Structures are given as C-alpha cells and as structure tokens.
Amino acid sequence: MDFTFEKKHELLGRTVREFAEQEIAPRTPEIEETHTIPDDLLQQMAELGFFGVPFPTKYGGAGAGETGYCILMQELMKGNPSVACLIGAHTSIGATAIYLDGSERLKQKYLPPLCRGEKIAAFALTEPNAGSDAASIRLAAVREGDSYILDGTKIWITNGADAEIFSVFAVTDKTMGYRGGHTAFVVEKGFPGFSLGTIDEKMGIVGSSTAELVFEGCRVPGENVIGQVGMGFLTAMRTLDHGRHGLGAGCLGGAERVLKTCLEYAKYREQFGVPIAKKQAIQFMIADIITEIEALRSLVYRVAWLADSGRPYRQLGGICKLFGSEVLARAVDKAVQIHGAMGYMRDYPVEQMYRDARITEIFEGASEIQRVVIAMEAFRKLGVRIEP
Amino acid sequence: MKVIVPIKQVYDPRTVRVSRSRGILDIREAELMMNPGDRYALAEALRLKDEQGARVVAISMGPPEAEDILREALAMDVDEAILLSDEAFSGVDVSAAVVIVAKAIDKIGDYDLILTGCKASGDGSGQFAPRLAQHLDLPQITRASHLMVEGGKVKARHKLPDGYAVLEASLPAVLSIAEGANEPRYPSLPGSIAAYDERTVAIWGLEHLELTPDEITENTCTEVRGTLAGLERELGRVIKGEPSEAAKELTQELKGGGLMR
C-alpha cells in the first residue's frame, strides 16, 4: 500500500495551488460584487487546461484521471468556491455525461472544445417537480423525422447562464417512466427554441450562475442523443455517481482553507490576556476540524484511486460526498464560533465561507439521498431490494 | 533560433529552518523547487518561442531529484530538457559548475542565446552568468529585460540602481534576466501530466560530457570553512510624544550614536 501521489499529480497540484492563491483568490471581492467570474480569469484557466483535467488526451483533456481531478477541485475550492463550482459542474457532470455514454462521434464533436474551455458545459436534470426525485422529470421530447422536439423547463441549472453545451434529460416515452422512457440529449445554446429563463440569486457561491432553461419546440438532431434512446435515467445516475468524489475533494479543500483561517486568527486574537490559541475551548474545535480533514483526505483519494484503477467505487463515492459536505459544514460552523462576532460580519471571509459551504449538502444529490443510496447498496448485498 | 536556459533546483526558503544555536540551516523538512529567478529566464525564452519560433532547451546540473524542475520546464512548454548529473558533480562550487554547464552547452551546440536567472536563492552568489560568459568567451548582458532579437543581435535593457542602460550584443550571447522582467509562466495542466507520462529528460554524466574528475576538482576553488547564522536584528524603538519633542529626542539619539553631526 502506498499513500504518496505520483510526481505528475504533485506538479499539477502545486500549479493549481499557486494559481488559486495568486490569480483566483485575489479576485474574490470582484466575484462577490459582480456575481460573475471575470472572463479574463476564465480565459487564463482555459489556456492552462483547467477545463478538461480528467479526460483522456485524445479528447483534448489533460489525462490526469480522477486523482488529478480531485486535486484540482481541492485546490480550486481554496481559491474561490464559485470558480470551483463552475469547473466542477462543467467537468464532472456536464461534460461527463457525454464522455460516459456519448457515441464516439458525439465525444469527438463536443469534448475537445469543452476541454479547451472554449465552451462551458452544464448538466440539466432538475425540474420544478423533480429534485431529489429525478425520476419524475416531465420535459417532453417528441420524435419528428430525424429530430426531437423538446418542450418544458429545467430549473436551478448550475452554469446555466454561462454554458453553451447542455446535457439535458427528457421524457421520450411517458408510459415507460424512468425505466426506458427517459433519454439524454446534447443541446446547444444556439438551437432554435432554447432560451434562458430566470437567473437565480443565491445564498452563496454567487459567482457561479444558476438558471432556468426554457425549451419551446426546441429542435435537437437525433444524432445528439447521448447513449441509447430510453436509457437517459441511467446516464444521469451514472454521471452523478461519477461526480461525487470530486465534490468530496472540493469540500476537503474548503475545510483546509477554513482551518488555515482559524489557525491564523487564533494565533493573534487575544482575550483574557492571551492568544485564544491557548484556550482549550478553541484547541478542541481546531483539533476536531483537523481530525475530520484527515479522515476526509484518506477517503477522497481512496475513491480516486479506486476510480483510476478501474475498481467499483459507487457506494464509496456517495459516502465521500456525504461525509465531505458535512465535514465542511461542521468546519465552517466552528470557524464562525472561533471568530465570534467577526465570523458573522460581511467584511471578513468566514461569513462567506459559511454561506458558500451550505450548498454542498444539497446539490448533486442531497445528504438524505446519499444516505438512502448507501443503505440501499448495503441491503442489496444481502439480497434485499429497497427502493426510494 | 535556439535558446538554452540553465536552471537550478533550490530549497524552498519557506520550508528551511534556521538553527541559530548551531549556525546551520535545518533542511530535514525542506522542499525542493525551481529557483524563482530562473522562472524569468524561462518565461523570456518561451516568449521568444511564441513570437519568433525559438527552440528552447532547459538544462540543469544537480542530483537525480533535479529532474523534477526540468519536467516542470517541459510542462511550461520548453522543447528539450537535459539533466547534468553525476556523483562527481556533487558539492561543486560556481566555478566548477560553469565548466560542467559550458561543456553541455558546447555539446548542444548551434545556439543563439543563453538565458539565466540573476541569482540563485540558495547560495546566491550571482556569479553564474558572468562566469559562464567569460568561460565561453561570449558577450553578456546582466540584469536584462525588454529583449529584442534581430539581425544576429540582441538588444536589452540592463538594470542599474537608478535606471537602465540599453545594451546591444552580437549573438550568441549570455543574458541574465532581471527579476520582474516578465510574468513567469505557470506549467499547463495537460503539460504537467505529459511531462511525466510522455516527455523525456536526457541525463548526461561525466562520461557523456567528456570530462574527467580532475577537471572538476581543479576548477573547484571554494572551500567552506564554516557557516554562521545571520545576525539577529533588534526591533526598532518608537519614540512617542509631541512631534517636536520626539524629533529632539531622535536627533539626540542619532548624535549620541555617532550617526549625525
């Protein structure tokens, strides 16, 4: 057993860490104010290959695998969570749906510009009546000649306002339901009948866009079906399964940033004549954050290793996302407490960390769904089927 | 155009501890990195690659671990990387290093420019570029920026304490690139992976360079007799009170200390 990173991953990690520190973090006030990520920053990231890290080089990716991708997410989250979120939704769900189940032709057409960062991807599954219950989507896709006509709406789509390529899930056969009746499509922003609806204002990660997508007789060529007609629900689930450890990695980076902020603050903040670092109440909170970070680190990179070595990781990926988001939540909660009133003030970074962290327990499968999936898998191994 | 960039691996100063009692640098937990000053030389060479199609060769003399900074240079997009490594090279000083690197430069041959950093963050003698130019009998411009390569000549600004001089040299020439002359490059992420998965670093030892151990020892002229920790500076004193009174006190202090008459 060997817990060290390969040299190539060390170099990638050092590069992203320095880039995040020097180029991304200083832009945070601007991102918070404008609710968008500056184009020149995205351009610089595109040139350095931030948009296709896990994908094979033959599609224009870096070929860094899931380990490389987890390192990327961990370090980006330290720079700015909105930036991490944009790259995460683009890579691990938007483009991954095409990568996992798309035809070779579809991959050759769409993955290279996505990997080069010329276009941003998004994953469009959620609807007003289908959140955790993704099987209840209603967006209709009706076959017409060589095309499909899409009608309906998607909501709360991460990268919605920035993306040009969408992996969209629609109902092709109402009678069959999610087993055989759902189909995945690649939809381009420019397809007739596609438009953006409401762009949402959020509690945190305000630089990452969240939007409503409106399909009004939107014509999608039949060749843009991802995988097989009727198998869209499987594509959605496989894609989400694939993306979970990356989120865990982001939470790891987020928690590390929180810890660093707490350590620096406790070192100089004096109360009762001594730095609060000398107070056991503070030490206990910091020790708990460190302990959970180290447990999470082992988990994240164990899943990455499983994925890269072709072993099954589905259940552990869910555990990683669940544990990671809750480790981050506990860390930011303690951080506010350690910083006291300063932790509650807009002028200091802890307040933003607290707001930015909350979404990780909700998107890409809420904690409750992760728990259900983890339990389902445990019972399945005993031959007992429990359905959500 | 061919540009050779000698680079060096150094300890990351942020990870080196100073043991004042023993007068030594504690490097047990130290990490290795590319000398920060060399990044400016690489960035300048890569600019010449982008703008004028130059071929960029990075070379480094050091232990086998120094291969990592050459891979990093490959990830930044240099065309070729060569590590000069041999047991016989360990512990050499700047004058012997120049002999080794110059030999490698001769072997590479057919070059137009040699770009270096201004000084290494390790021993920081700042002598490498001038000694190399002397040894190769080439013109040199130290602390250079704003390079223009045209018609067999290089024109550059040579930084002075109170300004700069514009100097011109015929090619081939040795230039040490001033810190801040450009924006150092980040390795690209696909480049970082390819640097290890696909690219190669050539390793040249004593034999390949046609050097003898005697040539190395003969050219080593530095003898380290001991190391000392830098002097600890006492914190300054803030003179408080009314400005006119404080000024008086300051004047007296300076006079008393013989710093003012």
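Two residues are in contact here if their C-beta atoms, placed from the backbone, lie within 7 Å. Keep that in mind, and keep in mind that this is a predicted model.

First, the domains of chain A. The assignment gives domain 1 (7–120), domain 2 (122–230) and domain 3 (234–380). I will take the first pair. The C-alpha centres of domain 1 and domain 2 of chain A are 23 Å apart. Between them, 24 residues of domain 1 of chain A are in contact with 17 residues of domain 2 of chain A. On the domain 1 side, the elements that give two or more residues are helix 2 (28–34), helix 5 (81–101) and helix 6 (104–115) of chain A. Which of these has the largest share? Helix 5 of chain A, with twelve residues. By class, that side of domain 1 has 14 nonpolar, seven polar and three charged residues.

Next, the contact between the chains. Chain A puts in 16 residues and chain B puts in 14 residues. On the chain A side, helix 1 (residues 7–24) of chain A gives the largest share, seven residues. That side of chain A divides into eight nonpolar, five polar and three charged residues.

Now helix 8 of chain A, residues 280–308. How far should its 29 residues span? At 1.5 Å a residue the answer is 42 Å, and the end C-alpha atoms of helix 8 are 42 Å apart, so the two agree. The buried residues of helix 8 of chain A include Ile282(A), Met285(A), Ile289(A), Glu292(A) and Tyr301(A). Among the elements that cover the buried residues of helix 8 are helix 4 (65–79), helix 7 (232–268) and helix 9 of chain A. After helix 8 of chain A comes Gly310(A), with a positive phi near 70°.

Last, the helix pair. Two packed helices are described by the angle between their axes and the distance between the axes. For helix 9 (residues 314–339) and helix 12 (residues 367–380) of chain A, the axes come within 9 Å and cross at roughly 145°. The crossing of helix 9 of chain A past helix 12 of chain A is left-handed. Residues of helix 9 in this contact include Gln315(A), Ile319(A), Leu322(A) and Glu326(A), and those of helix 12 include Arg371(A), Val373(A) and Ile374(A). The residues of this contact between helix 9 and helix 12 of chain A are four nonpolar, five polar and four charged.

That is the end of my part.

Notes:
Residues numbered from 1 in each chain as written. Chains lettered and ligands numbered in written order. Predicted model: local features only at pLDDT ≥ 70, side-chain atom pairs only at ≥ 80, totals over all residues. Axes fitted to C-alpha atoms, helices over the stretch in contact; angles between N-to-C directions. Helix = DSSP H or I, 4+ residues; strand = E, 2+ residues; numbered from the N terminus. Left-handed = near helix turned anticlockwise from the far one by under 90°. Nonpolar A, V, L, I, M, F, W, Y, C, P; charged D, E, K, R; others polar. Domains from an automatic or database assignment. Expected span 1.5 Å × (residues − 1). Buried ≥ 20, exposed ≤ 12 C-beta atoms within 10 Å, placed from the backbone.
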